[in-house]
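Subject: Structure handover and notes

Dear colleague,

I am passing on the structure we talked about, with the sequence alongside. Please look it over first; my notes follow below.

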Amino acid sequence: MIDDEAFTVTVYDSDAGPVLACAGELDLDTAPQLTAALEHALAARPAALHIDLNDVDFISSSGLNVLLHARMDSEAAGCALWLTRPSQAATHLLDITGAGKVFTVTADLPAVR
């Protein structure tokens, strides 16, 4: 787990690939934590990767930038990227920026092992 007072990333294994469960405020100060967790997860070359945004209270343009880079990096690695259970804050940002159209978004969290 990567932890900051305002943001945490907890990694779980699932039958559908790693799940990065994010909680708190994803902004300029905390975005590097998600970047590090994503780099670590992609280094294992999974077939799929899920970013659970259910407990994200706030997401800034810096957080969105990390997600967009994750999409490009996962695509280059041949890994399917899913945004899972986006919170109201995450959904709002994806909607107003149009970024929701470039991600596969699901309300279903894969079963963790």
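Which elements do the buried residues of H2 pack against? Those residues pack against S3, H1, S4, S5 and helix H3 (88-97), where helices (H or I, at least four residues) and strands (E, at least two) are DSSP runs numbered from the N terminus, and where contact means heavy atoms within 4.5 Å. Buried stands for under 20% relative accessible area and exposed for over 50%, with partly exposed in between (1.4 Å probe, protein chains only).

Please keep in mind that this is a predicted model, in which local features need pLDDT of at least 70 and side-chain atom pairs count only at pLDDT 80 or more, while totals for chains, interfaces and linings use all residues. Residues are numbered from 1 along each chain as its sequence is written, and side-chain values use heavy atoms, with hydrogens and water left out.

The strands and their crossovers

Strand S3 (residues 19-26) pairs with strand S4 (residues 48-59) in the parallel sense over seven bridges, pairing being assigned if DSSP finds at least two bridges between two strands. Within this pair, Gly24 has Val56 of S4 as its bridge partner. Between these strands the chain passes through helix H1 (residues 31-43), and the resulting β-α-β crossover is right-handed, a term used if, with the strands pointing away from the viewer, the path from the first strand over the helix to the second runs clockwise.

S4 also runs parallel to strand S5 (residues 80-84), to which five bridges join it; Ile51 stands opposite Leu83 of S5, and Ala48 has Ala80 as its bridge partner there. Together with helix H2 (residues 61-76), S4 and S5 make a right-handed β-α-β unit. S5 in turn pairs with strand S6 (residues 104-106), again in the parallel sense, over three bridges, with Thr104 of S6 as the bridge partner of Trp82. A right-handed β-α-β unit is likewise made by S5, H3 and S6.

Helix H2 and Leu64

H2 has 16 residues and reaches 22 Å from its first C-alpha to its last, close to the 22 Å expected at 1.5 Å a residue, the expected span being 1.5 Å times one less than the number of residues. Its buried residues are Gly63, Leu64, Val66, Leu67, Ala70 and Ser74. These lie on the same side of H2, because they cover an arc of only 155° around the axis, the arc being that of the directions from the helix axis to the C-beta atoms. Ser61, Glu75 and Ala76, on the other side of H2, are exposed.

Leu64 has a relative accessible area of 8% and therefore counts as buried. Leaving aside residues up to four places away in sequence, Leu64 touches Ile59, Leu93, Leu94, Thr97 and Ala99. Just after H2, Gly78 takes a positive phi of about 75°.

Thr30 sits in the loop between S3 and H1 and is buried, with a relative accessible area of 2%. Its side chain reaches the backbone nitrogen of Asp27 at 2.9 Å.

In H1 itself, Ala31, Gln33, Leu34, Ala37, Leu38, Ala41 and Leu42 are buried. Seen down the axis of H1, these residues fall within an arc of 160°, so they line one face of the helix. Glu39, His40 and Ala43 are exposed on the other side of H1, and just after the helix Arg45 takes a positive phi of about 55°.

Helix H3

The buried residues of H3 are Ala90, Leu93 and Leu94. An arc of only 95° around the axis holds them, which puts them on the same side of H3. Their cover includes S4, H2 and S5, whereas the face turned away from the buried side of H3 carries the exposed residues Gln88, Asp95 and Ile96. Just after H3, Gly98 has a positive phi of about 80°.

Notes: A polar contact is a pair of N or O atoms within 3.5 Å; within protein, one must be able to donate a hydrogen and the other to accept it, and residues adjacent in sequence count only if both atoms are side-chain atoms.
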